Amino acid sequence: MGPLSTDLGLPRLRGTDPAAGDPVAGDLVAQALDTGRLVDRFGRVHRDLRISLTDRCSLRCTYCMPEQGLPWLAKPTLLTTPELLRLVEVAVSLGIEEVRLTGGEPLLRRDLVDVVAGIAALGPEVSMTTNALGLERQAQALVDAGLTRVNISLDTLRHDTFRALARRDRLDDTLAGIAAADAAGLRPLKLNTVLMRDLNDVEAVDLLAFALEHGYQLRFIEQMPLDAGHTWTRENMVSGEEILARLRTAYALEPVPQRGSAPAELFTVDGGPATVGVIASVSAPFCGACDRVRLTADGQVRNCLFATGETDLRTPLRDGADEEELRALVAASIAVKLPGHGINEPGFLQPPRPMSAIGG
Ligand code: SAM
Ligand code: SF4
């Protein structure tokens, strides 16, 4: 623990304090503990916690995971559900209002319904990002437990492309999961699509037509350099501009002003009210409005998808840290958050953890 933390009378930290030796960060931690708000040095207030429930997945999307999978996190390092709920309680005491469950594939977590119910009981809104495989069986139980919204990944409507993109053809299961989420009242139902050049980029219009037909909100996400195989290249990335150009061959799109902290830039389709979103994380970063903090399945806090460092909460938690120590560690992680992800800067380094282990 850093000497400045001692001077400020902050709790003695059992974990490694990322704010140690940084007076501005020390002040921000003290303020966070006092006010119950996670404000960083750029004035961004953090209200949204993304939790990766597992790094494992039922698919192997080429932009995310290698075909053979990854060296999975060791079981003893994974947070148990009581540990997870204790950390959510800490986060809620620091102003977290929304918890999004993700992964890996969150539906692979066996006690997902209990996780949702436990988090909902602590107050925040609970949503989930999922590939929807198996959602058909669980959608209603998840809603009953307190799940309010889902974002479902749908990259293609073609069986052969699904097989090429996710390395197994589970299109029918994904579509069944989407229908089940809809039937269970998980609305607005958002669909996420990553377009890959020469693979599914030709489907932009078809995917939007599908979403419009069912009343779903489609958002296209630029591919980010977070794949475990490090295959991302700027030239191959289908940019937000390119996505819009493809959609405009079939639809009239008009920008909807003001996106707040939401990453998607929204456009009305043919005069509205339907909209389509573009999340141009690479070509038009929205870091200035970021209100997100992330918790990995093995109990590490990350202040950015692209952070190269993380703050260990699991070890202090298991060593008996009290609530104030854990709050101080979360606050310290936010206090040292950088202004942006730096993808477009020359010294950019892809984080060591792939997207599936961070929680997208
Ligand atoms: N398995 C779930 C799913 O696919 O929805 C949740 C985890 S996944 C990592 C969360 C989101 O991240 C998905 O919408 C996925 O398409 C997106 N994603 C994964 N790798 C990405 C990448 N390299 N660039 C952009 N988005 C990515
Ligand atoms: Fe799995 Fe989601 Fe990654 Fe695809 S994007 S491999 S579904 S974690």
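The legends below describe close-up views of a predicted model. Local features are given where pLDDT is at least 70 and side-chain atom pairs where pLDDT is 80 or more, while totals for chains, interfaces and linings use all residues; side-chain values use heavy atoms, without hydrogens and water. Residues are numbered from 1 along each chain as its sequence is written, with chains lettered from A and ligands numbered from 1 in the order in which they are written.

View 1. Of the 18 residues around ligand 1, Tyr63, Gly104, Glu105, Ser153 and Met224 come nearest; a residue counts as near if one of its heavy atoms lies within 4 Å of the molecule. A polar contact is a pair of N or O atoms within 3.5 Å; within protein, one must be able to donate a hydrogen and the other to accept it, and residues adjacent in sequence count only if both atoms are side-chain atoms. Glu105 places a polar side-chain atom 3.1 Å from a nitrogen atom of ligand 1. For Ser153, a polar side-chain atom lies 2.6 Å from an oxygen atom of the ligand. An N or O atom in the side chain of Asn192 is 3.2 Å from an oxygen atom of ligand 1.

View 2. The shell consists of Cys57, Leu59, Arg60, Cys61, Tyr63, Cys64, Gly104 and Asn131. By class it holds 5 nonpolar, 2 polar and 1 charged residues. Here Ala, Val, Leu, Ile, Met, Phe, Trp, Tyr, Cys and Pro count as nonpolar, Asp, Glu, Lys and Arg as charged, and the others, Gly among them, as polar.

**View 3. Helix α2 and its ends.** Helices (H or I, at least four residues) and strands (E, at least two) are DSSP runs, numbered from the N terminus. Helix α2 (residues 23-35) has 13 residues and spans 18 Å from its first C-alpha to its last, close to the expected 18 Å, taken as 1.5 Å times one less than its number of residues. Buried residues in α2 are Ala25, Gly26, Leu28, Val29, Ala32 and Leu33. They lie on the same side of α2 because they cover an arc of only 165 degrees around the axis, the arc being that of the directions from the helix axis to the C-beta atoms. Buried means under 20% relative accessible area, exposed over 50%, and partly exposed in between (1.4 Å probe, protein chains only). The cover over these residues includes β1 (38-39) and α11 (323-335), with contact meaning heavy atoms within 4.5 Å. At the N-terminal end, Asp22 caps α2 through a side-chain oxygen 3.2 Å from the backbone nitrogen of Val24. Gly36, just after the helix, has a positive phi of about 70 degrees.

**View 4. Helix α4 and its cover.** Leu112, Val115, Val116, Gly118 and Ile119 are buried in helix α4 (residues 112-121). Their arc around the axis is only 165 degrees, so they sit on the same side of α4. Elements covering them include β3 (48-52), α3 (81-92), β4 (98-102), β5 (125-130), α5 (135-145) and β6 (147-153). Gly123 follows α4 and has a positive phi, near 115 degrees.

**View 5. Arg149 in strand β6.** Arg149 is located in strand β6 and is buried, at 15% relative accessible area. Its side chain makes a polar contact of 3.0 Å with that of Glu98. Leaving out residues up to four places away in sequence, Arg149 touches residues including Arg100, Glu125, Met128, Leu186 and Lys190.

**View 6. Pro273 in a loop.** Pro273 belongs to the loop between β10 (265-269) and β11 (275-279). Pro273 is exposed, with a relative accessible area of 82%. Its C-alpha is separated by 20 Å from that of Arg149, which is 124 residues apart from Pro273 along the chain.
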